[in-house]
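The sequence and structure are shown first for reference.

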Amino acid sequence: MTVTPAGAIGRGLIAGAVGTAAMTAAQTAYYKLQQTEASTTPAEVAKRIIEGVFHRSVPEERTEMLNQAMHWSYGTSWGAGYGIIQSSRHGSMLRAGAMYGLAVWAASLVHLPAMQLAPPVWEYPPSQLASDTGFHLIYGVATALAYAALRG
């Protein structure tokens with residue numbers, strides 16, 4: 001079945017939302033077990049954009065809402081890229097999803113340190129590298145499974 005670019009992007013966005021939901025569930029469970037708080041880095045990215053581009057201040061009480069909005073929009077939007085790539089290739093869906101999830105994580109390992117919102121990857125403790133790897137593998141595989149289900 002031939003998929004149009006718009007169809008691939010649309011399916012990818014939905015699949016990205018499913019992947020984000022799976023990742024969020026895993027993170028929520030993990031942080032609860034670890035008795036730690038989730039990262040507010042997505043909110044910090046949003047604040048940089050709002051304050052730097054739009055010259056608007058962001059009240060502190062908006063941090064959680066911004067955190068969720070950025071987390072969901074970031075994960076969902078990456079799904080569009082997955083849709084375009086997956087619509088033009090054939091092969092292992094799970095492998096492609098896992099690799100894509102790791103590619104999404106790799107992008108954050110470049111732009112977050114560049115924005116001075118995270119240290120370089122070599123400064124992360126092994127436990128954080130392991131959990132972040134796992135979260136992004138979950139995202140990628142769930143995105144791939146959702147995309148495949150949407151293709152029928």
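1. Where is the place of Gln-116? Gln-116 lies in the loop between H4 and helix H5 (126-151), helices being DSSP runs (H or I, at least four residues) numbered from the N terminus. Its phi is near 60°, a positive value in a residue other than glycine. Most residues other than glycine have a negative phi. At 70% relative accessibility, Gln-116 is exposed (over 50%; buried is under 20%, partly exposed in between, with a 1.4 Å probe and protein chains only).

2. The model is predicted: local features need pLDDT of at least 70, side-chain atom pairs count only at pLDDT 80 or more, and totals for chains, interfaces and linings use all residues. Residues are numbered from 1 along each chain as its sequence is written, and side-chain values use heavy atoms, with hydrogens and water left out.

3. His-55 also has a positive phi, near 55°. This residue belongs to the loop between helix H2 (41-53) and H3, and His-55 is exposed, with a relative accessible area of 66%.

4. Helix H3 (residues 63-87) packs against helix H4 (residues 93-114) at an angle of about 130°, their axes 11 Å apart; axes are lines fitted to C-alpha atoms over the stretch in contact, and angles run from 0 to 180 degrees between N-to-C directions.

5. Ser-108, in helix H4, is buried at a relative accessible area of 12%. Not counting residues up to four places away in sequence, Ser-108 touches Tyr-74 and Pro-113 (heavy atoms within 4.5 Å).

Conventions
Helix = DSSP H or I, 4+ residues; strand = E, 2+ residues; numbered from the N terminus.
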